[in-house]
Amino acid sequence: MELIIREYNLKLKHTFTISRESIDFQPSLIVELRNEGFSGFGEATSNPYYKTTVPVMMQDLEKIRTLIQNTTNETPEEFWAKIHPYLKHDMFALCALDMAYNDLYARQKGKKLYELWNYSTNSNPLTDYTIGIASIEKMVAKMQELPWPIYKIKLGTKEDIAIIKELRKHTNAIFRIDANCGWSVEETINNAVELKKLGVEFLEQPLKVDNWEGHKEVFKHSVLPIIADESCIIEEDVSKCHSHFHGVNVKLVKCGGLTPGRRMIQEAKKLGLKTMVGCMTESTVGISAIAQLLPLLDYVDMDGGLLLAQDIATGVTIDFGKISYSKLNGTGVTLI
């Protein structure tokens, strides 16, 4: 098996701002695995919050190139278990590799990945479209640029309620709110009351990651469901979120790929938690991997490719929230 590593700098359509940063370009790592005429693709983006850079990911993969390339006939679960000890300090790199291996494995079996897993796509959820923090005028303009059935609104300002009141005047779409750890307990409980009146479906990660007493308080008193994001990173975190959140947002780059991501979703379901998968600002490579998990999910945020000025791949397509799969096997990705 051959390992090919590529580095990209993805240009965004608009400056993307959340409560802790703004970006215009997104560095991204693409992993390709080739074997017997087939290729599988995976992706992981850099992320300052998690102290992850593309050069570091590349170095970590190069260190185990021989181990990767000597792989033969292992299942994705076996491959992940073999590689994990070497990349447990770099889940982002592990994610890109795991995505690529799952993609390759399914293509070699002559099936789409969700078909290999025996998932039915009849009831797939729609994806939201993210509106980053900006002036109200710019946020309204972004919504008008792309009419959508569900918007995920980034908040964490002093004018959060005023922003949603103004945005509501321009659309009947469902709103989801992501404060990216930017609120206090009192703010969250109070804001939830007003936001519910304004057609908000749920709140994502309003408090700082380690404020577990606060999470518990909000869980008890919020009139809106609370979804964990930054507080749910790896498999062990799912059980911690039980009785502190109403659901979990699994990010594949954080947990190490599709293989552990599926386990996290199944664990969440057993605990009665709502299930969601979210994306980073990534290309259609990563988005097409997420799409394979749609049959397991209550909610999905997989709009990363829509935020780009120019994509680097083809794969799944998205129209007014609805995801359509590629005709190709695996995750259906082709690099442009």
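**Entry: the model**

I am working from a predicted model, and I have kept to what I could look up in it residue by residue.

**Entry: helix 6 against helix 7**

I began with helix 6, residues 136–145, and helix 7, residues 160–168, which pack with their axes 10 Å apart and at an angle of about 40°. I therefore noted the two helices as oblique to each other, and I recorded the crossing of helix 6 and helix 7 as right-handed. Looking up who meets whom, I found I136, M139, V140 and M143 on the helix 6 side, and A162, I163, E166 and L167 on the helix 7 side.

I then looked up K138 and H14, which stand 124 residues apart along the chain, and found their C-alpha atoms separated by 9.9 Å.

**Entry: helix 3 against helix 12**

Next I took helix 3, residues 76–87, and helix 12, residues 258–270, whose axes lie 9 Å apart and whose packing angle is about 105°. Helix 3 and helix 12 are therefore roughly perpendicular to each other. In this contact, helix 3 contributes P76, E77 and W80, while helix 12 contributes T259, P260, R262 and R263. I sorted the residues of the contact of helix 3 with helix 12 into three nonpolar, one polar and three charged.

**Entry: an aromatic cluster**

I then turned to the aromatic rings, for which the count comes to ten aromatic pairs. In the pair of Y49 and Y50, the ring centres are 4.8 Å apart and the planes stand at 85°, so I wrote the pair down as edge-to-face. Y50 also pairs with F92, and here the arrangement is tilted, with 6.1 Å from centre to centre and 40° between the planes. Y50 lies in the loop between strand 3 (38–45) and helix 1 (54–63), whereas F92 lies in helix 4 (residues 91–108), so this pair ties together parts that are 42 residues apart in sequence. Taken together, Y49, Y50 and F92 form one aromatic cluster.

**Entry: asparagine and glutamine residues**

Which residues does N191 touch, leaving aside those up to four places away in sequence? I found I161 and W183. N191 itself sits in helix 8, residues 185–197, and is buried, with a relative accessible area of 12%.

I also looked up backbone angles, and noted that N180, although not a glycine, has a positive phi of about 45°. N180 belongs to the loop between strand 6 (174–178) and helix 8, and its relative accessible area of 5% makes N180 buried. Q205, which is not a glycine either, has a positive phi of about 40°. I located Q205 in the loop between strand 7 (200–204) and helix 9 (212–221), and with a relative accessibility of 0%, Q205 counts as buried.

Key: Residues are numbered from 1 along each chain as its sequence is written. This is a predicted model: local features need pLDDT of at least 70, side-chain atom pairs count only at pLDDT 80 or more; totals for chains, interfaces and linings use all residues. Side-chain values use heavy atoms; hydrogens and water are left out. Axes are lines fitted to C-alpha atoms, for helices over the stretch in contact, and angles run from 0 to 180 degrees between N-to-C directions. Helices (H or I, at least four residues) and strands (E, at least two) are DSSP runs, numbered from the N terminus. Angles under 35 degrees count as roughly parallel, over 145 as roughly antiparallel, 65 to 115 as roughly perpendicular and the rest as oblique. A crossing is left-handed if the near helix is turned anticlockwise from the far one by less than a right angle, and right-handed if clockwise. Contact means heavy atoms within 4.5 Å. Rings of Phe, Tyr and Trp (its six-membered ring) pair if their centres lie within 6.5 Å; planes under 30 degrees apart count as stacked, over 60 as edge-to-face and the rest as tilted. Ala, Val, Leu, Ile, Met, Phe, Trp, Tyr, Cys and Pro count as nonpolar, Asp, Glu, Lys and Arg as charged, and the others, Gly among them, as polar. Buried means under 20% relative accessible area, exposed over 50%, partly exposed in between (1.4 Å probe, protein chains only).
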